[in-house]
Amino acid sequence: MQRPRIPSQLSESVHHRLNMYALSACAAGVGMLALAQPVEAEIIYTKAHVKLTPNHKFHLDLNHDGIKDFELDDIASGTSAFLEIHPLQMGNALAQAKTDCNPSVGVAALQAGVSIGKGQVFYGSLYCMAQKISEGSFGSWPSVTNRFLGLEFVIKGKKHFGWARLTVSRAPYVATITGYAYETIPGKSIKAGQTKGGDKTASETGTLGALARGAE
């Protein structure tokens with residue numbers, strides 16, 4: 001008569017080693033899957049309708065973190081008028097215009113589709129968008145429709161690029177802000193008027209990458 005088979009009993013140490021091998025294999029597989037997943041670059045867009053009238057200010061917080069990134073100033077006094085923008089944080093800057101104000105260099109009024117990022121000239125000392133004084137009218141922003149500020153600003157020590165869309169009247173200036181956006185990937189360019197990410201970049205910041213690191 002054939003004797004019934006008795007399952008072999010594995011020692012506790014062998015069980016432990018097998019479990020560790022299974023966990024390692026799982027972590028490696030999940031990690032490879034995470035590295036292979038492309039994550040789409042994200043652009044955060046904010047629709048707005050803010051009318052800035054003479055002798056008023058508007059604070060622009062591009063990423064809604066409670067930190068004011070730029071200040072728009074609309075100033076009128078007698079026959080003079082000024083529209084200015086000032087970076088409020090260290091490292092923030094504005095795209096430079098090819099036309100000058102008096103006596104400073106002006107802020108660019110970019111057309112839709114222009115790339116904002118590397119290769120473009122940014123300065124933290126720029127402020128003049130439009131001015132009307134006794135010598136005449138200066139700047140790139142008087143009487144424009146749907147033009148864009150090119151913005152460079154800092155989030156947690158890293159530079160990001162963004163834009164703000166404005167329509168500006170003749171002096172005395174009335175500036176209407178109709179939207180703004182920024183690229184969430186540090187150092188990545190954004191096009192003026194772009195509201196969605198247009199390409200993908202590999203990243204291990206997703207849930208699968210976190211699972212792999214946790215399993216290790």
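Modeller: Arg-165 is buried yet has no salt bridge, and the nearest side chain of opposite charge, Glu-183, is 15 Å away. Please bear in mind that this is a predicted model.

Colleague: Where does Arg-165 lie, and with which side chain does the side chain of Arg-165 make a polar contact?

Modeller: Arg-165 belongs to strand S13, which spans residues 158–168. A polar contact of 2.7 Å joins its side chain to that of Thr-178. Leaving aside residues up to four places away in sequence, Arg-165 touches several residues, among them Tyr-45, Asn-146, Phe-148 and Ile-177.

Colleague: How many salt bridges does the count come to?

Modeller: Side chains of opposite charge can pair when their charged atoms come close. Here the count comes to two salt bridges. In one of them, Lys-57 pairs with Glu-71, with the closest N and O atoms 4.0 Å apart. Lys-57 lies in strand S3 (residues 56–60) and Glu-71 in strand S4 (residues 70–77), so this pair ties together parts that are 14 residues apart in sequence.

Colleague: Which residue forms a salt bridge with Lys-159?

Modeller: The partner of Lys-159 is Glu-152, and their closest N and O atoms are 3.7 Å apart. Lys-159 is partly exposed, with a relative accessible area of 43%, while Glu-152 counts as buried at 10% relative accessibility.

Definitions and conventions
Residues are numbered from 1 along each chain as its sequence is written. This is a predicted model: local features need pLDDT of at least 70, side-chain atom pairs count only at pLDDT 80 or more; totals for chains, interfaces and linings use all residues. Side-chain values use heavy atoms; hydrogens and water are left out. Helices (H or I, at least four residues) and strands (E, at least two) are DSSP runs, numbered from the N terminus. Buried means under 20% relative accessible area, exposed over 50%, partly exposed in between (1.4 Å probe, protein chains only). Lys and Arg count as positive and Asp and Glu as negative; His and the chain ends are not counted. A polar contact is a pair of N or O atoms within 3.5 Å; within protein, one must be able to donate a hydrogen and the other to accept it, and residues adjacent in sequence count only if both atoms are side-chain atoms. Contact means heavy atoms within 4.5 Å.
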